[in-house]
Amino acid sequence: GVVLNEIINDAAASNPAQETPAWRVATLYRAYHSADGASLSAQENVRAGLDEIRSLATHYDVARFMADPFSNSIVGAYVWIDAGNPSRREITIDQEIYHQGAVGLRNKEAYLAEDKAELREAYREYVTGVFEKLGYSSSADRADAIIAFETALADGMWDQAQMRDRTLNYSPMTFEALQDYAPGFEWRGFLDAMGASNPQNVILRQDTGVREAARIFGETPVEVLKDYLAFHWVDNHWTYL
């Protein structure tokens, strides 16, 4: 660790020739650090993402943005082994996303349990504070709408006991059947933005949970969905800011 630190500091303090190993180290290091310790690249990415979110006009636009790895989404989608045919891999759709999840408080109990009221209030204050720092108007109202949206998502999610049942968590179907089974979400736009423009088959894990999330998405105003995206876009970058 000490040796690596010396290498990085020496490279960052020098002016190495372009495309050399030292130049690559220095360039990467400078991209992540500024005088205040925040990543300049992350700041630029956050600003660009917020500008794009402000420009979204339709549910289709929102669904496409949800495919970004730094965005929250009502569902996760990834390629995984087909449990019914382990020689194959299929697009698998889940009620959560590996790295951040669909809802800020991570699980349904946090939104619904009576003894979690203090946690929910702290979350509301945090969401409000993020919007205030961004200069958005009506920050508390935006926070309330996001939490109402996430509470509805959480209410439709499966609990941990259901998620451990391998039989329940395996619902293969064609892509066309998915659109009929879980209307409300712009599946084609979402998967196209992820690089799966015309899938033939998919596997649903928490099938009724995914169906409920799709319904809620379709019934939620675009402006609320945009605020949901904006808050989580900033929050998902926090380790770099």
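Before looking at the sheet I noted that two strands count as paired if DSSP finds at least two bridges between them, and that helices (H or I, at least four residues) and strands (E, at least two) are DSSP runs numbered from the N terminus.

I am working from a predicted model, in which local features need pLDDT of at least 70 and side-chain atom pairs count only at pLDDT 80 or more, while totals for chains, interfaces and linings use all residues. Residues are numbered from 1 along each chain as its sequence is written, and side-chain values use heavy atoms, with hydrogens and water left out.

**Sheet.** I looked up the strand order and found an open sheet of 4 strands, β1-β2-β4-β3, with mixed pairing. At its edges lie β1 (76-82) and β3 (171-174), each of which pairs on one side only. From one strand to the next I read an average twist of 35°, where axes are lines fitted to C-alpha atoms and angles run from 0 to 180 degrees between N-to-C directions.

I then followed β2 (residues 85-94) to β4 (residues 201-204), and noted that the two pair in the parallel sense over 3 bridges. Which residue of β4 is the bridge partner of I93? I found L204 in that place.

**Backbone.** I kept in mind that most residues other than glycine have a negative phi. E19, in the loop between α1 (2-13) and α2 (21-32), has a positive phi of about 70°. I found S138, in the loop between α6 (117-134) and α7 (139-156), with a positive phi of about 50°.

For exposure I used buried for under 20% relative accessible area, exposed for over 50% and partly exposed in between (1.4 Å probe, protein chains only). E19 is partly exposed at 48%, and S138 is partly exposed at 45%.
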